[in-house]
Each structure stands twice: as structure tokens, then as C-alpha cells.
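Here is a colleague's note for your first look at this model. Keep the structure open while you read.

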Amino acid sequence: MDYDYIVVGRGLTGSAAARHLATAGLQVALIGPEEPRGGRGLAQGHRTHHSGVFASHYDEGRITRILDPNPYWARFAQRSIARYRPLEDITGISFYGEVGHLAVGQDEGASRDYLSALQQVAADLAVEVEILDQRALQARFPYFQFYENAVGLWQRQQAGYLSPRQHVKAQARAVELLGGCLINQEALSVGPVADGVQVETAADSYTARGAIVATGGFTHASNLLPQRLQLTVRAHTVLLAEVDGADLERLWSMPSLISKPYDAEAHFYLLPPIRYPDGHWYIKIGCSEMPPIADDLESLQKWFKGPGESAIADRLKARLSQILPDVQFPAYWVDTCVTTHTPTGYPYIDRLGESPIVTLLGGNGYAGKSADELGWIAANLLQQGQWTYDLEAAHFKLRYAT
Ligand SMILES: Cc1cc2nc3c(=O)[nH]c(=O)nc-3n(C[C@H](O)[C@H](O)[C@H](O)COP(=O)(O)OP(=O)(O)OC[C@H]3O[C@@H](n4cnc5c(N)ncnc54)[C@H](O)[C@@H]3O)c2cc1C
């Protein structure tokens, strides 16, 4: 065997799984392409000439917070966040901005339920949270303009944002420091062989005792699995708005924000100013409008290379000027991305039949903050050969398409 274990997919979850395996003293190969050079716009030039797979972490901002209405996702986040600083220290790569997280809603209907669920989770997981009424919100965050009867939950610590791009780099660097191997290629096949698995790329073939497949939105496009799974890929359009000068200074301590008022169509999330590879600072805004998209290679490539949905971008621009009415934005960029969803709302972390191949698929839009723990669960299942995690395996079971 060339390695103890191979992880296919050098994204947020795959790189985390590889680090956990390497930390356990195992010989690991992490196979997957780096971000295409000369990416699009402020992401880095143009993606248009890239003919391979893309990923959902080619960005500088993902919200991270323990506060989540779902107690399991909150727990994955809590355990992941606790490992951010140690990973930064080991690798010298910083990816975490602990600026705090603000969740805002209204004391009405589903919005009230959302806030109550967050409070319950905060109590259960001993997370320090301050409740702010509209007046207190305005006093604490004077640059935001909220709606009538807004109520905020403010998680000051263990929350803020992370750079998904740098997070992946840090995990991969840790794998190398622990003696693991990074293979900058796409996998063409992953399959069981006697006593293990074989992974083929265009250039080579590698064997190991077992493998993890963590190929995100390109799982079906890559044709690595023997059968289709119940996975839905959703298309995101996000808006990046440049900030500079006095506005940038004023917004220096801005938290990440999720706003879920009574009117579900008005939901959005917001990242604070973050420096992008072009040297400029951008605020990112996105929403829950994410239509399903065909998951073949051609359709996904077209989406990643394309301009996104202009109607969504226009709505995001309008939202941005409502929430930050006094800020001047000298430039805007529209970016595209995808998320991968399961019917259970949890990732598929399961063995493919009796084979030593474990899936790590279906981030459901939340794997940015929680990737480290999800990687740990998959790494543990692969090493142990059985489920030992402290949540029921049934939540993570594969569902095949019929
Ligand atoms: C616009 C947007 C905003 C988001 N905001 C948040 C947020 O605020 N907070 C949060 O927690 N989450 C957020 N997410 C979700 C988060 O980014 C994803 O859940 C996460 O990236 C999923 O991680 P992954 O490892 O499954 O996939 P990815 O990070 O996409 O990694 C998959 C990897 O597999 C590789 N790959 C694919 N095919 C092959 C192959 N054949 N061979 C080898 N490698 C292959 C790809 O190159 C890629 O590197 C957001 C997502 C989007 C799109």
C-alpha cells in the first residue's frame, strides 16, 4: 500500500479529515486540485480557462458562530471553533476573525421561533449571549439600520468569520508538517481492491487501506461513486461591495450578521469588511435564494464561470443599502458558488457498502464553520471501521437516489 489512508477532495471538510488522520500518526495523501490560478474578478483574475472541477471555498469570508437553531450544527461549530487558534498557531496561517456574531429577528411568528431556538442552544451549550432590543442594537451597532421591533442575539466570543481559502491552506499545511502528502490532481476513480482502495488520477494510481471521498458539489460530476446519492446542488449568487477610507474605519469592528425578520423574503447574511487578494476590502452579502442546479460538470462549470443571477444581485444591493444606509460603496462584484444539500440536513458520513470508503458529503451550507469537526467524524469512522461518535449514526446515513 502507498498510504494508510487517502482523502479525495482538498476542500474544507476533506482537508480537515486528512489533518485528523495525519495527527493520529497515519500516512495520509490528500488528493485534489488547488484553486485554479487566475480565478475570476477579485477572486483572482479569470476562471474562464479552467476545465476541471471548482470548489465552494474560493472566497475570504464564511460566517462562523455557535449560535445555530439546530443543536447538532451548533455542536459541530463549537467543537470546530475551539480548534481554529491551535491550527493557526501550528501552521502560521491565520484564517479566523473573532469579531463576534449578531443574529437579528423580530418577536413574531417564525422569526420568534428562530430566536428562541438560538437562545435554547446558547443555554444548552453554555454560550455567552446578550439579548439586545432595537434601541440597544442601534446604540451598540450605530452603522446598522434595523427594521421595526428588531431583537438581536449577540455572541461576542467564539464567533465572527473565517477565510475558507486560508482555512483549507492551513489544514493542508498541517498535513504536510505531519508528514502527509499533497497530490495536486483530480481523481478519476476511487474503488475497492483487495485489502484496501485504489485511487486513479490522469497521471498516477495510488493504493491505501481506506479512503474518504469529500468532493463537495462536484461529487456526481466527478463520477467517483458507484451510484448516485440524494444530493441537491444549489446555486448561490453573492454580492461583494468594496469599502474604503472613513467607512472602512467606522466598520472596523463590525460583526458577522444573520438577519431573519418575520418576512422570510427579506432574510440575508452579511460579512464584515475583509481584505481580498486584490488588496481591497469588501463586505459580502448573500441570501437564502439558492435555486437547485444540474450537477453535471458542464452545468457547474458554466455556473462558476458565469455572472450569477442579476436579479438576486440587484436585490442584495438594495438590502445592503438598507442595512448600511450611510456607507458609500465605490465598487461591486458579483460572485457565484454552490452548496450541496442532503434530505436529512446533515452530511452523509457513512461507509459505501462494506468497502473501506467513507463519504464526507453534503455540507448543507453550514460546513464552512464546522468543517473541522465533520472531518474528525469521518476520519474517526474510517480508522475505527465503526461509528463511535456521540450523535446517532442514523443522522449521517447515505441515501441513494432511486
Ligand atoms: C456563497 C456561499 C456562502 C457560504 N457561507 C457559509 C457561511 O457563512 N458559513 C458556513 O459555515 N458555510 C458557508 N457556506 C458553505 C461552505 O462553504 C460549504 O459547506 C463548504 O465549502 C463545503 O465543504 P466541502 O469540503 O464539502 O466542499 P468544498 O469546499 O467545495 O471542497 C470539495 C473539494 O473537492 C474537490 N474535488 C471535487 N471533485 C474532485 C475530484 N474528482 N478529485 C479530487 N478532488 C475533487 C474540489 O476541488 C474541492 O476542493 C457557504 C457556501 C457558499 C457557496
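The points below cover the domains, then the helix packing, then the strands.

1. Ground rules. This is a predicted model, in which local features need pLDDT of at least 70, side-chain atom pairs count only at pLDDT 80 or more, and totals for chains, interfaces and linings use all residues. Residues are numbered from 1 along each chain as its sequence is written, and side-chain values use heavy atoms, with hydrogens and water left out.

2. Domains. The bounds come from an automatic or database domain assignment. Domain 1 is 3-59 + 164-230 + 343-396, and domain 2 is 97-159 + 232-341. Their centres, taken over C-alpha atoms, are 28 Å apart. In contact (heavy atoms within 4.5 Å) are 29 residues of domain 1 and 25 residues of domain 2.

3. Helix 1 and helix 7. Helices (H or I, at least four residues) and strands (E, at least two) are DSSP runs, numbered from the N terminus. Axes are lines fitted to C-alpha atoms, for helices over the stretch in contact, and angles run from 0 to 180 degrees between N-to-C directions. Helix 1 (residues 12-23) and helix 7 (residues 164-177) have axes that come within 8 Å and cross at roughly 25°. That makes the two helices roughly parallel (angles under 35 degrees). Their crossing is left-handed (the near helix is turned anticlockwise from the far one by less than a right angle).

4. Who meets whom? On helix 1, the contact residues are Leu12, Ser15, Ala16, Ala18, Arg19 and Ala22. On helix 7, they are Pro164, His167, Val168, Gln171, Ala174 and Val175. The contact of helix 1 with helix 7 has 8 nonpolar, 3 polar and 1 charged residues. Ala, Val, Leu, Ile, Met, Phe, Trp, Tyr, Cys and Pro count as nonpolar, Asp, Glu, Lys and Arg as charged, and the others, Gly among them, as polar.

5. Helix 1 and helix 12. Helix 12 (residues 367-384) packs on helix 1 at about 45°, with the axes 7 Å apart.

6. Strands. Two strands pair if DSSP finds at least two bridges between them. Strand 10 (residues 187-193) and strand 11 (residues 196-201) pair in the antiparallel sense over 6 bridges. Valine 190 has valine 199 of strand 11 as its bridge partner. In their hairpin, aspartate 195 takes a positive phi near 65°. Strand 11 also pairs with strand 12 (residues 205-213), antiparallel over 4 bridges.

How values were computed. Angles under 35 degrees count as roughly parallel, over 145 as roughly antiparallel, 65 to 115 as roughly perpendicular and the rest as oblique.
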